[in-house]
Amino acid sequence: MLKLNEFSHNHHPSRVKMLAKYIRRGISELDFGGKMIHTYRFFRQFLPKKHFSFLMNFSLSIVVLLLASCGVTTTIKHPTPTILIAPTATAYYLPILIEKVKPVTNGQGIPEAAEFIKDAEIPHKILIVSISDAGYDPISFWNNQIPSSWLAKDVNEIELVILVEEQTINLGSQKYFSGGKDFLVSRIRYDLKVNIFEARSGKMIDATIFSGGEPRQFSQVEYTTKLFGEHVVFETLLAWMCEKGYGPCEPDEPEFFKLRAIDNCIITSDLDFSPDGKTLAITCMDGEQNSWLSLWNIENYNRFFEINIGRFKMSEYFFSPDSQFLYTNVDNGVIRIKITDPTNQEILANPEEILALSPNGLVLVSQSPENSQDVFSLKLWQTSDGSLIQSLDGYTNYIMVPAISLDGTYLASADLDDNVLLWNIRDGKLINQIPNISGNMAFSPDNEFLIISSSHEPWLHSELKNSVSVWHVTDGSLVYNMIRDDSEQCKKYLAVSPKGEIIASGLSFDTVYLTQLIDGTLLNTLQHENRVIGAEFSPNGQIIATWEERGKLYLWRVEDGLLIATLDEGTADDAKFSPDGRLLAVSYDPGEVIIWNINYLDN
């Protein structure tokens, strides 16, 4: 059993800083009173591989349910949200139908299937069956993109079975030396083999092979054993089927797309859209504890760039407001990547670690690494030329991720000694200091208020611990606070609606509270089955996404708390709406991202 003193400042300063990153990112739920630290991601990050494997195997035989109740201390009558049965992710009949037609792919016909007459009036009824030796299975969303007039719904109407098999092609290997030993790095291309079968006869009537994208060339230094190219996309198959007369020439708007952050990713940590909505950035960690950042083109869902940002890093990254650049951490400092030419990279701050970017994109906020003398300071940099503007001193411990006001005037951040410092970025002056509180922070869009969601930290003696509090920015005075019960089950997630009218927070173990920002009036409650760990408003503020610790993600209508959809696809870690509100990207362990079509779900 791990205790906090095993990670004390005196013995493990580097790991304490990693621990600080987890706390400030809201990823781990830790008990500093000496109880077991029970977050999977924490153990995966900090334990040696053999100890982690033993712990995971041992944990499979023990189920510990921590269902301590948690609620607001004031007496509030909670309105009960209306429950609406949400649409399923994939038509319920498809898995059954796929099993029934599998013999066709082995040449065994199905007598009750419909006869295929190529020159007959279209549409033909088809079904895609997928086989992959690379762990990439597109059937779940490829069949969903087939228009309903073409997609077979029963055995007696199916005419064609399209067998899709992905194959990995080794294009060559190169030897590297690292860590005192040699290892091989291989370039891998994904090819897609397609066979068309008549369902009634089991006869194969056509076949082709498509080559996927070429992997990048070997570089002087490599940190992975395989360089992967891009998968063949559905549009390629669709165009060929259209040309041959086997399938439709236009896809329906799909319900969702499924991506892999990187092929050997085991933990997806964060994701976000660029301001123009054309690029999706995903960070994840592989089995060797290397952190990766990958960039995806939202128009065709192809990954066009990836970079190893170092071992034991959960990197912060930020898009510039014009979507031209992305700023992120690497081993040798903070770099700026040009989106249209990702190989064009510029080091801006060495060896700093980026914590924030001002909304106008002009100022980069960083913290020095733990071995420097000014580790407890924030630095402000000009993004235009990488020059240092000034340092913000006064912190006494490692600094959590800061919040910056929308107009780029104010910055607020807390350190691990639970002191919140409020700065004016433009002149570098300290405006106010709020002691004995820390947590997730956000400014109201009008810059009038600072909202702090503080969790249950035993070393805090302030009455504001385990609360959501609202503060005046100008004078640092407390406007009001909403207290949680003294429970460790509540998470300190925080979301503010785009217009700044509503706060979504975890005042309760399994309930999201929607309150009016100006005075804390309760507007609605969103009841869940398990502990809630995150919330995100849509850009228009009409929908809020919430997700639980044990996997389910929900979409709610903010106006009346109506449940729109339940997405039960795995353990959700993070969720982001696209800037136009049309898409919702959700990261799931291990290393999978699903992009949902909100219009489809809302209907």
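How many aromatic pairs does a search of the whole structure find? The search finds eight, where rings of Phe, Tyr and Trp (its six-membered ring) pair if their centres lie within 6.5 Å.

## Basis of the model

This is a predicted model, in which local features need pLDDT of at least 70 and side-chain atom pairs count only at pLDDT 80 or more, while totals for chains, interfaces and linings use all residues. Residues are numbered from 1 along each chain as its sequence is written, and side-chain values use heavy atoms, with hydrogens and water left out.

## Overall architecture

The chain contains seven helices and 37 strands; helices (H or I, at least four residues) and strands (E, at least two) are DSSP runs, numbered from the N terminus. Of its 603 residues, 56% count as buried, that is, under 20% relative accessible area, with exposed meaning over 50% and partly exposed in between (1.4 Å probe, protein chains only).

The chain exposes about 26,100 Å², and carbon and sulfur atoms supply 50% of this area. The accessible areas come from the Shrake-Rupley method with a 1.4 Å probe; for residues, only the protein chains shown count as cover. Where contacts (heavy atoms within 4.5 Å) join residues at least 6 apart in sequence, 50% of them are between residues at least 24 apart.

A pair of aromatic rings is described by the distance of the centres and the angle of the planes. Planes under 30 degrees apart count as stacked, over 60 as edge-to-face and the rest as tilted. Among the eight pairs, Phe210 and Trp240 are edge-to-face, at 6.2 Å centre to centre with 80° between the planes. This pair links distant parts of the chain, since Phe210 lies in strand E4 (residues 204–211) and Trp240 in helix H6 (residues 234–244), 30 residues apart. Phe210 counts as buried because its relative accessibility is 14%; Trp240 counts as buried because its value is 10%.

Tyr410 and Phe443 form a stacked pair, with 6.5 Å between centres and 25° between the planes. Tyr410 belongs to strand E20 (residues 410–414) and Phe443 to strand E23 (residues 440–443), so the pair ties together parts 33 residues apart in sequence. Both Tyr410 and Phe443 are buried.

## A charge over a ring

Arg336 lies over the face of Phe325, at 5.1 Å from the ring centre. The criterion is that NZ of Lys or CZ of Arg is within 6 Å of the ring centre and within 35 degrees of the ring normal.

## A four-stranded open sheet

Strands of a sheet pair through backbone hydrogen bonds, either parallel or antiparallel. Here an open sheet of four strands has the order E19-E20-E21-E22, with antiparallel pairing; two strands pair if DSSP finds at least two bridges between them. Strand E19 (403–404) and strand E22 (429–435) stand at the edges with a single partner strand each, so one side of each is left without a neighbour in the sheet.

E19 and E20 run antiparallel and are joined by two bridges. Ile404 stands opposite Leu411 in E20.

## Positive phi angles in loops

Ser323 is not a glycine, yet its phi is positive, at about 65°. Ser323 lies in the loop between strand E11 (317–319) and strand E12 (325–330), and counts as buried because its relative accessibility is 6%.

Asn447, also a residue other than glycine, has a positive phi near 65°. Asn447 is placed in the loop between E23 and strand E24 (449–453). With 12% relative accessibility, Asn447 counts as buried.
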